[in-house]
Amino acid sequence: MSDIPEEASGIVKKFLYVNRKAPHGTIYALESLEVVLIGAAFEQDVSLAFLDDGVFQLVKGQDTADIGVKNFSPTYRALGDFEVTKLYVEKESLAERGLSKDDLMEIMYEDEDDDWEEKPSIKLVNRTELAAVMAGQDVILSF
Amino acid sequence: MAYELNGATIEADEEGYITDLSVWNQDLAKLIAEDENIDMNDEHWEVVNFLRDYYEEYQIAPAVRVLIKAVKKSMGKDKGNNKYLYTLFPYGPAKQACKIAGLPKPTGCV
């Protein structure tokens, strides 16, 4: 089991997982999500970025029945339970694909430091802001 | 490996997690629990049912840390703690209860 006691944790680094591919045509999106979930056990400062076709990963109402693969999109809504609460979505990538915030799933987390108030995990950022987020990371993993 | 239930063979992986989640039923759960030396009572069922609901909603079997937090949120801190859940499922609440619930091995367990 990956049940690591808090006192055993060492240095906390800032990890950013960059998602740039559509969810179901390749294995990248699911692999990225699984690495995020497994990595969450190590209590690092984890953020996710969604840009290019990666923004499709968060589109609501996905139905994979006809293509014979698992619809793992509901799992993004469990990220808050894993203390992964920063999902940056690039505005330009949404706009280029005719999408808006309303096309995305509602993904919430409970803020431990604010009386467990429910807050949205998705943060819309423009290209310049996302570049700044990337510049502030210790580790960037691209999928 | 595989389970034998009422003359039917139910496929499972080498650790005993069933491979076709749709064939699960309560009798199968009891059989898997027997293999784990667990005598299912209402408290066990409560956790197993909670896990099935969690999987239904999020398509994921939670790791133990997440399970404990989610149980705490849903059933209160008397049940959402290590001691209570490990008393019910001594070899790991997430691992054992997921197996009995007919779910995959929790993500994040090695």
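**Close-up views of a predicted two-chain model**

**View 1. Ser100(A) sits in a loop of chain A.** In this predicted model, the loop runs between α2 (91–96) and β4 (108–111) of chain A. Is Ser100(A) buried or exposed? Ser100(A) is exposed, because 11 other C-beta atoms lie within 10 Å, and a residue counts as exposed at 12 or fewer. Asn19(A) lies 81 residues away from Ser100(A) in sequence. In space, the two are 18 Å apart, C-alpha to C-alpha.

**View 2. Chain B has five helices and two strands.** Starting at the N terminus, the order is β-β-α-α-α-α-α. Chain B is as compact as a globular protein of its length, because its radius of gyration is 13 Å, close to the 13 Å given by the globule rule for 110 residues. A box of roughly 40 × 25 × 25 Å, taken along the principal axes, holds the C-alpha atoms of chain B. Of the 110 residues in chain B, 35% are buried. Take the contacts in chain B between residues at least 6 apart in sequence: 52% of them join residues at least 24 apart.

**View 3. Helix α5 of chain B spans residues 93–100.** How many of its eight residues are buried? Eight of the eight are buried, so α5(B) is largely enclosed by the rest of the structure. Among them are Pro93(B), Lys95(B), Gln96(B), Lys99(B) and Ile100(B). Which elements cover the buried residues of α5(B)? The cover includes α1 (26–35), α2 (42–58), α3 (64–75) and α4 (82–88) of chain B. Just after the helix comes Gly102(B), with a positive phi of about 75°.

**View 4. The largest nonpolar core has 54 residues.** Those with the most contacts inside this core are Val36(A), Leu48(A), Val89(A), Leu51(B), Ala97(B) and Ala101(B). From chain A, β1 (14–19), α1 (28–39), β2 (45–50) and β3 (87–90) each give two or more residues to the core. In soluble globular proteins, nonpolar side chains tend to be buried together.

**View 5. Leu51(B) touches Ala97(B) and Cys98(B), among others.**

**View 6. Chain A meets chain B.** Here 17 residues of chain A are in contact with 17 residues of chain B. What kinds of residue make up the side of chain A that touches chain B? They divide into nine nonpolar, three polar and five charged.

Notes. Residues are numbered from 1 along each chain as its sequence is written. Chains are lettered from A and ligands numbered from 1 in the order in which they are written. This is a predicted model: local features need pLDDT of at least 70, side-chain atom pairs count only at pLDDT 80 or more; totals for chains, interfaces and linings use all residues. Helices (H or I, at least four residues) and strands (E, at least two) are DSSP runs, numbered from the N terminus. The radius of gyration is taken over C-alpha atoms; the globule rule is 2.2 Å times the number of residues to the power 0.38. A residue is buried if 20 or more other C-beta atoms lie within 10 Å of its own, exposed if 12 or fewer, and partly exposed in between; C-beta atoms are placed from the backbone. Two residues are in contact if their C-beta atoms, placed from the backbone, lie within 7 Å. Ala, Val, Leu, Ile, Met, Phe, Trp, Tyr, Cys and Pro count as nonpolar, Asp, Glu, Lys and Arg as charged, and the others, Gly among them, as polar. A nonpolar core is a set of buried Ala, Val, Leu, Ile, Met, Phe, Trp, Tyr and Cys residues joined through C-beta atoms within 7 Å. Lists of a residue's contacts leave out its neighbours within four places in sequence.
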